[in-house]
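Trainee: I would like to go through this structure and ask where its labels come from.
Mentor: Here it is.

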Amino acid sequence: MWITRVVPAGGASLVRMAVLLRPATESDPVHVGALHQRSRLAAYAGFIDPDVLAARTAESFGEWWAERFRWEHDTHRMTVAEEDGELVGFSYIGPSETPGAAELYAIHVDPSRVGTGVGRALMVQALKDLPSIGGDRAVLWVLTENETARTFYESGGWKPDGETRTEPINDVPVPQLRYCHPL
Ligand SMILES: CC(C)(COP(=O)(O)OP(=O)(O)OC[C@H]1O[C@@H](n2cnc3c(N)ncnc32)[C@H](O)[C@@H]1OP(=O)(O)O)[C@@H](O)C(=O)NCCC(=O)NCCS
């Protein structure tokens, strides 16, 4: 799927950029790991100690995603967003531990592209793909203090369903809220 966005090109002129959404292939997860790490450092630094976030390198995150992709590629789906051949975002969906639900595990946009519509396009695509995973609703977990992501999800029709949990990020416990979307 292609989406287009309009960006300033100097002076008063505007240029239309095309973003391609496509299923990930074997060579993508290592780059997804690096983007995931950049995204966390930029987006979570206001509420998680940057030293804690920096404890994981882009390389180790890349290896972790490559391994996960190998194990889960039959059951889960990774979508990547590319602009001019450059990775600018990704999403990951699959079966959930929440009974009767499919799960949106992650949406991350490269910090240089945040606010340009890439996240919304990934979410719209994920909501199209989630029914193929199974279940009558989709769930996701978001960091309680991640106000930007909560507003982003709420603008896409997701609602908190009252469930909470605490999960570690680099060994530091972080509170999360569960959001739900009918399928
Ligand atoms: C959350 C995230 C995926 C949103 O992607 P994005 O490309 O920046 O979002 P979009 O430009 O498509 O915006 C879609 C909507 O989200 C909301 N939104 C986006 N950025 C926002 C911000 N900084 N503050 C409040 N609302 C925001 C708006 O409602 C926006 O709708 P609008 O364009 O009609 O105003 C992106 O900011 C990101 O990667 N953040 C870091 C990682 C993260 O927190 N991921 C989610 C948890 S896994």
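Mentor: Start with a definition: two residues are in contact if their C-beta atoms, placed from the backbone, lie within 7 Å. By that rule Val118 touches Val19, Ala81, Val88, Gly89, Val109 and Arg113, leaving out residues up to four places away in sequence. This is a predicted model: local features need pLDDT of at least 70, side-chain atom pairs count only at pLDDT 80 or more, and totals for chains, interfaces and linings use all residues. Residues are numbered from 1 along each chain as its sequence is written.

Trainee: Why is Arg40 called buried?
Mentor: A residue is buried if 20 or more other C-beta atoms lie within 10 Å of its own, exposed if 12 or fewer, and partly exposed in between. Arg40 has 20 C-beta neighbours inside 10 Å, so Arg40 counts as buried. Arg40 is found in helix α1, residues 29–44; helices here are DSSP runs of H or I, at least four residues, and strands are runs of E, at least two, numbered from the N terminus.

Trainee: What span is expected for α4?
Mentor: The rule is 1.5 Å times one less than the number of residues. α4 has twelve residues, and the expected value is 16 Å; from first C-alpha to last it reaches 17 Å, close to that.

Trainee: Which residues have the most contacts inside the largest nonpolar core?
Mentor: Among them are Val118 and Leu122, in a core of 33 residues. Such a core is a set of buried Ala, Val, Leu, Ile, Met, Phe, Trp, Tyr and Cys residues joined through C-beta atoms within 7 Å. Val118 and Leu122 are also among the buried residues of α4.
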